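Me: I want to learn how to read a few features of a structure. Can you take me through them one by one?

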Amino acid sequence: MPTILREDTLTFTYKQKKAENSYVEMTPFSVYDEEQYIKTAMLPQEALAQYIKAQHRLDPIFDNDHGKEYSYAREIIFPKSRKGSNKGFANRAGDKLDEILQVSKVKLKTDIQFADVCAAPGAWSLYLLQYYGSARGVGMSMPILGTKVEDTWYPQLRQNPRFKATFGVTETGDVYDFRNIAELAKVCSQSWGEPTPAVASPPENLLEAKPEILPSGLLDLVTCDGGFQIAKSPTGQHCEQLQEIITQRLLLSEFLVALQLLKENGTFVCKMYDCICPFNVQLIFLMSQMFEETVFVKPEHSRVVNAEKYVVFKSFQPQSSIIEKIKQIHAEWKADTCYYQIIEESEELKQFCVFVNRVNETLVKRCTDALNVVIDKTEELVRQKANPVIKQTDPSAPQTNQKSDEKEWNDIFKKDEPRDYYRDQRPYYNRRDNNYRRDDRREYNDRNQYYK
Ligand SMILES: C[S@@+](CC[C@H](N)C(=O)[O-])C[C@H]1O[C@@H](n2cnc3c(N)ncnc32)[C@H](O)[C@@H]1O
């Protein structure tokens, strides 16, 4: 077992290097093609095998409905990334954005105009409106799973006159559909008092969209925090280990929003998952050529046990050839497919890969170790639940009296909370729930086993 697994914030900075990009013919492959993913992954095979193995250890835990034990184990070992905000924001996402902007040293004016995409229920927008006193923002998102459309956004956001929301032309808020991105651009343009675009509805094929119906260069900041629960494959297999390629299309769509809407020198903050497959590495490399600085951030409020991280692109300098290529890839994308490669190797790409390898060596290793520690603890909890005698005779178990244990087990295992949008974020309990205050000491003792 690793001795130190800290929830420290990690940042990695890459300075812009322009390159002559030579594009390759792109062949799609299925997002369920694990063999192809593994074969092409830019990670030492042993590290990747350990990482995937750790992720698969979660499968029986969730199949046997032990998600609550998993969440409990995770939250006592990694308390900083518990559900809910520690800083008084609407949810934990608010804490993350606060940290991301600070550590990546993003400087914004108080009257920024922003778009917040894949953004429901809206802690990021609330944060921006609160901290940048004259900021104005437009949000677009699919609703959180299990939420009614009218409840997509927090009520205080819906009531804020400096915020507008759109679900785009399709009324789903889906960022995969370019018409929704065009509609978002239109709402931003109208909201900022710029001339209204002449044509109401953009064509389905974005490559046919004329500039006058597609306003660009409008915003100081674009933020995207897209994520969704990874469903099983059509043949019933767990696919969480393929999250990176399953979310490829989401990442590309979010990048396109930024390229379409950002002003020169604008800032773009985007959630991403692993950066192991050549497509993602090359896509970020292309983006990095249009920004002065690219910063990867793993905030302390983002769970160590998941691949989520954030990429901050600072100071936008558009390059039309790259933007046109990204538009073309977006326009041609087919459902349930992903891609292997976009460009030929170059000296600059090689250097970028060295940078990305450094990020991966640190984050993938930490994530693998963290998963194993949390799963070991989960399995121990599951055994204890099945046979409470083991718990009482285990000399390493924390010393607590039986009455309080009974109450705790009842609270832990009987409390029925709605499921969140993906595996690592299934909520388990709310930190502010008074029932749990009393048990903090026990959690502290438990946790100390891991923080020697
Ligand atoms: C982690 S949540 C965002 C949390 C948000 N940043 C906040 O501060 O409250 C991820 C969001 O991405 C949205 N999403 C996922 N796929 C999407 C898509 N294709 N188009 C638009 N939104 C999407 C989900 O519905 C969810 O609202």
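**Ligand shell, helix pair, buried loop residue**

Reply: Start with the ligand: the shell around it has 14 nonpolar, six polar and two charged residues. The model is predicted.

Me: Which residues come nearest to the ligand?

Reply: A93, C118, A120, A123 and D225 do, out of the 22 residues around the ligand.

Me: How do I read a pair of packed helices?

Reply: Two packed helices are described by the angle between their axes and by the distance between those axes. Here, take helix α5 (residues 92-103) and helix α6 (residues 123-131). Their angle is about 50 degrees, and their axes are 8 Å apart. Angles under 35 degrees would count as roughly parallel, and 65 to 115 as roughly perpendicular. α5 and α6 are therefore oblique to each other.

Me: What is the handedness of the crossing of α5 and α6?

Reply: It is a right-handed crossing. On the α5 side, A93, G94, L97 and D98 make the contact; α6 brings A123, W124, L126 and Y127. By class, this contact of α5 with α6 has six nonpolar, one polar and one charged residues.

Me: Now a loop residue. Is D274 buried or exposed?

Reply: Count neighbours: 20 or more other C-beta atoms within 10 Å means buried. D274 has 25, so D274 is buried. The loop that holds D274 runs between β7 (262-272) and α11 (278-288).

Me: What does D274 touch, leaving out residues up to four places away in sequence?

Reply: D274 touches Q243, E244 and A307. Look at E308 too: D274 and E308 are 34 residues apart in sequence, yet 7.1 Å apart in space, C-alpha to C-alpha.

Terms used: Residues numbered from 1 in each chain as written. Predicted model: local features only at pLDDT ≥ 70, side-chain atom pairs only at ≥ 80, totals over all residues. Near = placed C-beta within 6 Å. Nonpolar A, V, L, I, M, F, W, Y, C, P; charged D, E, K, R; others polar. Axes fitted to C-alpha atoms, helices over the stretch in contact; angles between N-to-C directions. Helix = DSSP H or I, 4+ residues; strand = E, 2+ residues; numbered from the N terminus. Parallel < 35°, antiparallel > 145°, perpendicular 65-115°, else oblique. Left-handed = near helix turned anticlockwise from the far one by under 90°. Contact = placed C-beta atoms within 7 Å. Buried ≥ 20, exposed ≤ 12 C-beta atoms within 10 Å, placed from the backbone.
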